[in-house]
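Please read them alongside the model.

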Amino acid sequence: MANFHVEKPVASRGQQTARVARDIRGGGMNRDRWKTIASVLARQGILVAFALFLIGFSIFSDRFLSPENILSVMRSSAIIGVMALGVTVVVIGGNLDLSVGSMLSFSTVLVVDLHDKIGPAPAIGVMLVATLALGAVNGLLVGVARLNSLIVTLGMLSAIQGLTLIYSGGKNVDIVNQDQTWFKIFGRGTIADIPTPIVIFAVGAILLHLMMAYTPFGRRIYATGGNATAAVFSGVRRSRVVFLTYLISASGVAIAAIILGSRVMGSQNNVGQGYELQVLAGVILGGTSLLGGAGTIWKTVIGVLILGFIQNGLLLMGFEYYVQWLVTWVVIILAVWLDIAAKRGRLLSPIA
Amino acid sequence: MADTVIKSPVRWLAANPIWGFIVLIFVFFSFANPYFFALQNFQNILVQTSTIGLIALGMTLVMINGNIDLSVGAVVALAASLCVDIQGWEMFADWGNWAIAPGVIAALIAGTALGALNGFIVWKTGVDAFIVTLGAMLGVRGLVFVYTKEQSFFAMNFAFSDFGSSNMGPLPTLAVLFLVCTAAVYFLLARTVHGRNTYAVGGNRSAAVNAGIRVGPHMLINFMIVGFFAALAGVTLSSQMGAATPNLGTNYELWVITSVVLGGTKLNGGAGTILGTLGGVLAIGILRNGMNLMQVPAFYVLVILGTILIAVLLLDKQLNRKGKEELRV
Amino acid sequence: MSDVAATKIPALQLKGIVKTFPGVRALDDVTFDVRAGEVHALLGENGAGKSTLMKVLAGMYQPDEGTIEIEGTPVTMRTPLEAKRRGVVLIHQELSLAEEMTVAENIYLGELPRRSLGRVDWKTLFAKSEEILKRLNCGFGPKDRVGALSIANQQMVEIARALTVDAKVVIFDEPTASLTDAEKVVLFEIINDLKARGVGIVYISHRMDEIFTLADRISVLRDGGYRGTLVAGDTTEDEVIQLMIGRSLDLSRRQHAEVKTGEVALKVEGLSCGKLFQDVSFELREGEVLGFYGLVGAGRTEIAETLFGLRRPTAGTIEIDGKETAIHSPADAIAKGISLVPESRKEQGLVLGMNCRDNITLPQVGDLTSGPFVSDGAEIAIFDQYRDTLKIKTPSWRQAVGNLSGGNQQKIVIGKWLAMHPRILIVDEPTRGIDVGSKSEIHDLIRELARSGYAVIVISSEMPEVLHVSDRILAMYHGRVIRRFTAEEVTEDSLVAAISGIEQEQVA
């Protein structure tokens with residue numbers, strides 16, 4: 001009896017992929033080959049897509065795979081990347097954070113404006129505290145008050161936009177002595193010949209990956225996102241866990257604001273507008289389930305890089321800037337579709 | 001039947017607290033500002049509300065279904081651009097005022113078609129509507145930028161912008177349009193089989209499936225309806241402005257979802273009414289109008305809007321609390 | 001209908017049904033029939049194929065092989081709606097109602113009467129619903145909102161649905177799972193009434209007593225195969241169980257060996273939590289099993305949740321090892337040596353998407369570290385230990401617990417809490433919905449734990465279980481401890497009398 005149960009999922013997985021394969025091409029010959037392809041697609045779809053994009057673009061543009069170009073893509077992906085790392089943690093914990101875009105506007109305006117007024121180091125300090133405070137508001141409302149995270153962070157999106165405008169009076173801010181300040185190191189400098197944003201992104205990714213994959217806290221985040229009730233019944237302090245995920249997300253925004261402010265040395269009030277979409281797109285492309293409990297940091301890195309390479313490749317091929325948004329639209333849906341198709345064992349949804 | 005449940009005004013107000021809130025802010029602004037309590041201003045409020053309001057009507061259906069549509073803001077921009085651009089095409093040059101018609105029709109078809117596309121993807125792939133329409137929000141906006149080459153279009157035909165500021169009897173045409181649409185969607189939701197099935201699909205999807213309701217096509221229709229209304233809002237908005245800009249409709253999804261949630265529609269689906277949604281959009285409309293009259297900078301409106309949204313959620317949570325005995329998970 | 005009964009053509013007949021899922025032959029050559037005017041019980045352990053068969057009956061699944069005949073005519077039923085139109089209706093275990101809609105709309109869900117313009121014909125709808133509700137003697141009207149009804153009344157709405165068509169066969173899937181005894185009586189009356197009208201009833205349940213009360217015939221499935229049909233009047237529970245598990249099982253009362261109890265581990269005095277339970281007092285000693293028996297809603301689970309820091313008591317004191325203490329949260333309870341194996345393993349016990357090892361170590365993962373990181377070795381050691389002692393069957397610790405059978409999932413939850421080495425172990429419905437074999441293993445385990453010095457509380461709705469494992473039993477009624485028994489003095493009759501409120505005056 002028990003054996004019957006235990007063997008079921010093992011046996012069924014092979015069959016599932018076979019069914020994906022059947023659905024994909026509608027039955028016929030070469031079943032085994034399709035089975036293998038489908039199973040690879042299903043499990044590592046994101047990596048396969050990544051490889052396909054790289055190959056495709058490199059055929060159309062010989063500049064695409066040059067080291068300079070790759071570094072430049074990674075550098076420009078770093079801002080979205082750092083934010084996406086934090087949002088991945090929130091999403092794995094079972095919540096959403098749509099406020100990161102307007103939080104980025106706020107933090108960038110704050111750090112750039114204060115730079116000339118109180119000096120770079122105090123400016124960074126004040127900005128960090130302020131950003132974490134906003135993250136804490138999210139964390140309190142979602143974690144402690146248990147409100148719906150979509151609505152809370154949507155409301156915060158609006159409120160923080162207003163805060164930014166109130167702070168700046170609607171004016172743009174900028175740094176006067178752009179070449180003299182050491183603040184430029186974050187966005188314009190290099191560490192060991194690697195652009196600093198890439199270093200920051202990489203270090204952040206490694207640290208968060210270690211945290212999520214190997215620490216008790218990471219385990220508690222997965223448990224809370226997977227089944228919050230069961231986590232509480234296992235002694236996990238759910239409110240605290242969720243609260244901390246929002247602090248992590250806010251830290252990501254603060255670091256992104258430092259990179260962005262340092263690179264541009266100025267800021268508009270709406271500089272981060274729409275970033276929440278790009279960030280979520282990266283997280284979703286990385287295969288993190290919006291239901292929580294599943295996902296990995298390093299796949300988010302790949303998701304963000306895919307977005308960056310799509311953007312870069314399309315530009316190199318001579319497409320208009322906004323074509324990348326159209327491609328992102330298709331890629332997001334395809335990525336999630338393939339993921340759930342693999343899980344349910346058939347390509348199309350069974351909804352009548 | 002929604003209206004059979006109405007037992008007393010008190011109970012009705014408890015189920016629709018937003019109308020209580022409307023009375024509150026209405027009285028407040030009437031005393032706080034001399035320009036607020038005037039027929040002209042009420043007409044303004046209705047016209048200002050109509051854009052968000054039209055979209056909110058469709059969004060209510062989609063949200064009662066347990067779905068969401070984040071792409072409405074982008075659809076507004078696309079519809080507005082199509083409408084203004086097409087009516088200026090060479091081929092319609094000698095159509096006179098009738099040149100407006102192909103523009104409007106193209107805009108409405110585009111909006112409905114995009115809604116159908118969203119619905120079809122949700123139906124066939126089973127991908128969550130949040131993700132599908134998040135992608136569309138980005139993609140359709142990209143489409144707008146590509147189509148318009150990041151330029152604004154201006155309506156050359158004055159009849160088009162005249163329509164936006166015209167009156168039908170005592171009321172502005174756009175207000176009448178909004179009220180008629182509200183009545184139509186109310187009828188659809190409260191009285192028709194499709195409307196009642198909307199609650200069933202959102203309230204208990206598997207029950208609806210087992211009862212033989214074709215859930216996929218049903219949701220498709222509601223996505224088409226919200227797409228249609230977003231496009232209609234794009235048309236009326238461009239007619240008010242006499243122009244279409246590619247950034248039109250930015251953040252509209254936020255405003256719309258806020259009004260619908262304020263109106264009592266549940267995010268998980270299964271519950272919500274058009275009367276509530278009407279209350280939600282009016283509340284936001286009155287708030288914006290009143291604060292504008294009191295010369296509160298627009299920045300503060302954003303903060304207050306966000307705060308109200310969260311406060312409503314908190315209040316809802318507090319009211320539904322079971323007291324000290326509650327399981328604390 | 002009577003013609004059919006007379007000619008002995010079954011109302012519904014399945015022949016040679018085969019249904020395979022990827023990797024599993026869920027139904028293998030199953031034959032089953034229901035005659036008009038009989039109750040035919042369908043039995044089997046979890047995973048035996050009952051629910052698959054039921055879904056084939058109701059048109060939710062299509063069989064790969066075999067035929068379905070309704071009154072002798074072969075049919076195919078592609079959807080539940082089609083099955084319903086042919087007179088075969090399923091009453092779901094998980095109620096399939098839309099709570100915000102009216103009773104009438106739910107009864108005619110998917111088939112609302114129409115007028116022009118797609119309008120709902122409310123007049124017809126309410127009139128027809130009223131009529132059906134009257135036949136069922138329901139205490140609510142067609143315009144009531146379903147969400148405002150009790151669970152039992154919601155079930156009535158489901159049954160009312162079956163009456164919208166000329167139902168030939170009605171399938172009940174564990175209908176009494178969430179009903180009180182009084183509600184059960186009403187349900188049984190309705191079933192008997194349907195039967196008298198010539199409707200064939202398929203009755204699926206785990207509860208032997210119900211089956212022997214209601215059924216005319218009993219069919220048993222095991223491992224997807226048909227194992228035989230017994231006539232209820234000519235068989236015994238033992239025979240049925242043997243057919244279900246393929247061997248005989250001793251679920252009789254335990255032979256009470258000398259119980260060596262130790263210190264008082266837990267003392268509860270006058271504990272109350274609002275309306276949920278009041279003035280509960282008891283002592284729990286090391287080495288003994290204290291059983292809590294009562295109906296669903298009598299407050300048993302809520303006591304456990306309060307002891308585990310999930311609810312705030314409104315009055316009373318809790319003493320652990322003679323020291324008065326307050327328990328603020330599950331983490332606090334764990335620190336004080338209390339473990340709770342919760343009532344619902346899927347919702348409260350397990351993170352189904354997580355692997356077996358991580359589920360077992362979750363409560364103590366913070367202590368299994370070397371440096372800042374979780375020690376892989378320490379975790380696997382704990383998993384291996386409890387896999388072996390509890391005989392958890394899984395290919396590897398990497399398996400997601402959602403893929404295990406109910407019995408093995410329950411063992412993971414138990415293992416999770418044993419691994420905390422608690423002094424006080426509370427188990428709430430330890431064997432709900434798991435197969436008979438795993439059941440007896442878990443009972444033995446509970447006894448073994450007590451023998452090795454644990455203080456154990458067992459909460460259960462199943463009388464044989466409580467009788468089998470407990471040293472003392474507290475009977476609960478309406479949030480109060482109504483009577484206390486020792487294992488020697490307790491009888492089934494006195495226990496039933498206590499929990500159904502017959503002896504209310506005799507407060508212990």
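1. A:Y322 counts as buried, with a relative accessibility of 15%; buried means under 20% relative accessible area, exposed over 50%, and partly exposed in between (1.4 Å probe, protein chains only). B:F145 is also buried, at 6%.

2. This is a predicted model, in which local features need pLDDT of at least 70 and side-chain atom pairs count only at pLDDT 80 or more, while totals for chains, interfaces and linings use all residues; side-chain values use heavy atoms, with hydrogens and water left out. Residues are numbered from 1 along each chain as its sequence is written, and chains are lettered from A and ligands numbered from 1 in the order in which they are written.

3. Over all chains, the search of the whole structure gives 23 aromatic pairs. Rings of Phe, Tyr and Trp (its six-membered ring) pair if their centres lie within 6.5 Å; planes under 30 degrees apart are stacked, over 60 edge-to-face, and the rest tilted. A:Y322 and B:F145 form a stacked pair, 4.1 Å centre to centre with 20 degrees between the planes. This pair crosses between chains: A:Y322 is in the loop between α13 (297–316) and α14 (323–344) of chain A, and B:F145 is in helix α6 (residues 129–148) of chain B. Helices (H or I, at least four residues) and strands (E, at least two) are DSSP runs, numbered from the N terminus.

4. Within chain B, B:F26 and B:F42 make a tilted pair at 5.5 Å centre to centre, with 35 degrees between the planes. B:F26 belongs to helix α2 (residues 17–32) of chain B and B:F42 to helix α3 (residues 39–64) of chain B, so the pair ties together parts that are 16 residues apart in sequence. B:F26 is partly exposed at 25% relative accessibility, and B:F42 is partly exposed with a relative accessible area of 25%. Ring pairs link both into a cluster that includes B:F28, B:F29, B:F36 and B:F37.

5. B:R288 lies over the face of B:W255, 4.0 Å from the ring centre. In chain C, the charged end of C:K143 sits over the ring of C:F126, 5.0 Å from its centre. The rule requires NZ of Lys or CZ of Arg within 6 Å of the ring centre and within 35 degrees of the ring normal.

6. How many salt bridges are counted between chain B and chain C? The count is one, formed by the side chains of B:R196 and C:E105 at 2.3 Å, N to O (a side-chain nitrogen of Lys or Arg within 4 Å of a carboxyl oxygen of Asp or Glu).
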